[in-house]
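Colleague: I would like to go through a model with you, one feature at a time. Where do we start?

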Amino acid sequence: MTWLISCGLQNVAIALLLAVLVWCLTRLRKNPPVAHLMWLLVLLKLITPPLISFEVWTPSENPSVTGISQTADRAEAGLEHSIGVSRADAPMAVVAAGKANAPPPVADIAHGQQSRPAASPRPIMAEAWHALSPLLLWSWIAGTLLMTLLTGVRSVRFHQRLAGMLPASQRLQDLAADVAGRMGLRQIPQVRVADGTFAPLVWWAGRRATVVLPRRMLDSLTEPQIAMVLAHELAHLRRHDHWVRVIELLAALLYWWNPMVWWVRRQLHAVEEQCCDAWVAWIYPDGNLDYAQCLFQAVEIRSSQVSPLTLASPFLNPHTLKERIEMVLKNGTPRTATRGAVLLLLIAAVLVIPTGLRSGGPRVAAAPPGANASERKAGEPKAGNPARATAPAAEAAAVAPIAKAYLPFQGTWSIESYGSLKWPADGDEARSWRWTIRNQEISWTRPGRATVRLSFVVDPAFSRDPKKWPNDIELTVLDGPDNGQKCLGTFYWFADTEVLWLCFREPGAKAGRPTGMSFNGHDQQTLLALRPASPESEATPSAKAPPVAAAGGSPLATELQVFQGTWGFGACESVLWSAELAELQKSWSWEVKGQEITWIRQGHDPVRLSFSVDPSKTPNEINFTFLDGPDQGEKCLAIYEFERNSLWVNLNEPKANLDRPTKMSFRSYEKRSMLILQRRMPAPPPGEPRPAKVTPIPVASVPGPKPPGLEPMSFKGLHDIEAFDSEKWVATPADYASWTWKFDGREILWNRPNHEPLRLSYTVDTTTSPWQIDLTFLNGPDKGEQCPGIFQWSRHRMLIWFKNPGIKSGRPKSIVPLKPGSEQTSLTLVPAEVLPIADELQALQGTWKFAIYYSDWWPERISNPPITWSPWRWTIKGNVIRWSGMKVDDVRLSFTLDPSKSPRQIDLTFLDGPHKGKKLRGIYQFYAGDGCNICFADPEANVDRPTENSYSTNEGRTMVSIEKVEPK
């Protein structure tokens, strides 16, 4: 909430400078129309937020405090560890948060001297400010609410009084219509006459404007003079001063405590009356004396004026009467501002209105390179100045650990990896951002966006205890909309590769400190990898040289040489090749020899690929050809990029009829895969600790189902065999179409017509990945044989893979198509009986989050599903769905199910929203655990009901995967 105070004070500072400037200009040259626009600009500045804030330097309150050298030796951290780092090129966002607490002082390291800075009042003042700021803010809000209440009561009372006033005579209405026509007004206001001692005024409160004239004044004026008074009031409407009253009201309510606002309003009213007088003089050029007499008459009848109504434009301001009469008699005031003046003021408004000022805080002098206080003994005189000694050893020992903790952070950093949900940005944009760290303050610069300043505090022990991974960090936002918020984070600092990994909670997140380095698009945390910026990184890369034949010493041979060796997997974003992150990081690898790759995956047969590269193209091109495996002979177009010890590859999947990728990105519906490989590094020397492994950033991971544990009784009833593959029990589709499996307690009855039924017992274990099932034959030729297997389960389908009886090898590793000689059996089971609609409906009850959403129509084209729709929810009660979490209002749909059809059908109908009454014909299917796929034809799309869960652009269908949200 301190952001409100910051915005208000920035606005007041700019408005005060503007007001002084306008006052000086109006003293030099009197031009009421231009002066009115300038004073209006001051009020507009007060009620518009500072979108772009400029830092104002303030001198240090403690001249003895010096900075930490930006070029200090990073080896001071004492971290001699290494790790392969990867750079994510994906949808990015910015987030920074913290609470505005003053950071603790940092030890001085300057000219090789350690000293304790002198006491400064700044921390005390900061603490006092943070203690008083909530009280000031609530006092400000309370005053605004009170002023709003008083203004509303007075306005309602006057409006009620206005309704009781007599309408003007027909002659007076005709006179007002004649004046309005001469002034070019399209709508003629109402004219009412009231008893009372007040000056004429224009009242406007959102409806038709009303001119109120006092009866006493009408009785003492001639008809031409009454016309002049009407012309003055109608000039307010012609100039749209009633809109100015609204701006004036907002400024007065927001800044009721600021005397400058009331002074600016007074100046605005003065020049406004002069402008209206100029309109009267233009219509009645020979009535100067009569109009001056009207002004005197208004003063005579105005015995007591109630405090002016904010939404009224009065005829008389006694403070400016003398100046007005002089200008009326001279008859030389312009009615409107020139086009040139208006253009200049518009330019000034564009520059000034979004601008704000903020304090830059004290500046700290940087130490010269190589000044390292920790290398000099306490009490040793400074070289070249024997008379000056360093601080005592006790003081040096007290501050040295803190100084060493902050040494690795100093300088300018570029963003190498980035993931965040709150403020998205693409990869190229994020690489142009910089973190400039001086002392304990971060300046986060983003071209085209506002600069964000943060302070930070780290655990001072991290540089002395390299075994502690990760380390704690706390950031505090010093300006912007999140000013004053605190976010907890963790970080890794690798001295040898000079990479700094940060993971911290977003502003306002209720969760605690992150426990690892990750970003998945819905956990309200931001992940960054920073690397020291260098001039080379800023330079524009030169054009690539054309490749030459792969001869010794040629560029192509050099490029191929870089590929050689063993590469581990940091991430694999793919629908075709998928695995748990921990599994692929542990067991997946590429062995590259020459121009051949051996792809090793645990639980799969090794696959060999040949490849060729073309580093002359932008981006670098690489072509793969599968030499064996299920995709033997298939070619894949791809691009690649090296980043230190990381290799990024984006390739089209086999049989995907796609053009070569043009950037490093992953979209599951594009049939492309993103591989992030890390060169295997040699083991560290004995006794040197190895840092914990950092999880690379998922490029745009599509979350998979997370099913709950299943009890054995989940298997029940009669099931048909939809698919079957085995070398032991050979059968054609016509054969196994009549086979069934019946689950009865912990036994299975395998019925095969013309064969002896087989009985099996089974046990399951859902705590493993994949889930395990063990089968034991109870009769037949394989009686007593045990068959270990794995399975997947959902309400509509069950997949089981198990070793054949008598095979001594281990359990299957994954559910993949069987190969000849695999000695395994696979089968897919589906319920033989139609599941009751009531049971299907019950399974859908509750809250569901979106795991996949691909569509061209609702509510906008989704270019990056994992980022955009993560807040979406379906809340299902009965047969009504509430679709919430979107950028538009919630939408309700009713639905009906028909599980007897194949595929199972669902029909949805919009109950409200822009598509109210529209019907969606679709299909649905539950998948492993609590997940459901739904595919339906879009509203008004002239397409049939889908027959499979799939999506392609411009086909008029939407594909959704939803997952059950467990109640907290």
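Modeller: With confidence: pLDDT is the predictor's confidence in each residue, from 0 to 100. This is a predicted model.

Colleague: Which elements of the protein chain have the lowest and the highest mean pLDDT?

Modeller: Strand β2 (residues 92-93) has the lowest mean, 30, and strand β38 (residues 905-910) the highest, 94. Over the protein chain the average is 74, and 72% of the residues score at least 70.

Colleague: How should I treat a stretch where pLDDT is low?

Modeller: Where pLDDT is low, the predicted coordinates should not be read in detail. Here, residues 303-308 have a pLDDT below 50, and the model gives that stretch six contacts beyond near neighbours in sequence. Residues 536-554 stay under 50, with 21 contacts beyond four places in sequence.

Colleague: Now the overall fold. How many helices and strands does the protein chain have?

Modeller: There are 19 helices and 41 strands. The protein chain has 968 residues, of which 48% count as buried. Among its contacts with a separation of 6 or more, 61% join residues 24 or more positions apart.

Colleague: How do I describe two packed helices?

Modeller: Two packed helices are described by the angle between their axes and the distance between the axes. Take helix α2 (residues 32-47) and helix α7 (residues 241-254): their axes come within 9 Å and cross at roughly 40 degrees. That angle makes α2 oblique to α7. The crossing is left-handed.

Colleague: Which residues of α2 meet α7?

Modeller: His36, Leu40, Leu43, Leu44 and Ile47. On the α7 side the partners include Val244, Ile247, Leu250 and Leu254.

Colleague: And how is α2 placed against α11, parallel or antiparallel?

Modeller: The axes of α2 and helix α11 (residues 339-352) come within 11 Å and cross at roughly 15 degrees. Angles under 35 degrees count as roughly parallel, so α2 and α11 are roughly parallel to each other. This crossing is right-handed. From α2, the contact uses Val34, Leu37, Met38, Leu41 and Lys45; from α11, it uses Ala341, Val342, Leu345, Ala348, Ala349 and Val352.

Colleague: Next, the cysteines. How many disulfides does the structure hold?

Modeller: A disulfide is a covalent bond between the sulfur atoms of two cysteines. The structure holds zero. As for the setting of individual cysteines, Cys636 is buried, at a relative accessible area of 1%, and Cys935 is buried at 0%.

Colleague: What about phi: which residues have a positive value although they are not glycines?

Modeller: One is Asn754, with a phi of about 70 degrees. Asn754 lies in the loop between β28 (747-751) and β29 (758-765). Another is Glu823, with a phi of about 60 degrees, in the loop between β32 (798-803) and β33 (824-831).

Colleague: Is each side chain's residue buried or exposed, and where do the two stand?

Modeller: Asn754 is exposed, with a relative accessible area of 82%. Glu823 is partly exposed, at 37%.

Note on methods. Residues numbered from 1 in each chain as written. Predicted model: local features only at pLDDT ≥ 70, side-chain atom pairs only at ≥ 80, totals over all residues. Heavy atoms only, no water. Helix = DSSP H or I, 4+ residues; strand = E, 2+ residues; numbered from the N terminus. Contact = heavy atoms within 4.5 Å. Disulfide = S-S within 2.5 Å. Buried < 20%, exposed > 50% of the residue type's maximum accessible area, 1.4 Å probe, protein only. Axes fitted to C-alpha atoms, helices over the stretch in contact; angles between N-to-C directions. Parallel < 35°, antiparallel > 145°, perpendicular 65-115°, else oblique. Left-handed = near helix turned anticlockwise from the far one by under 90°.
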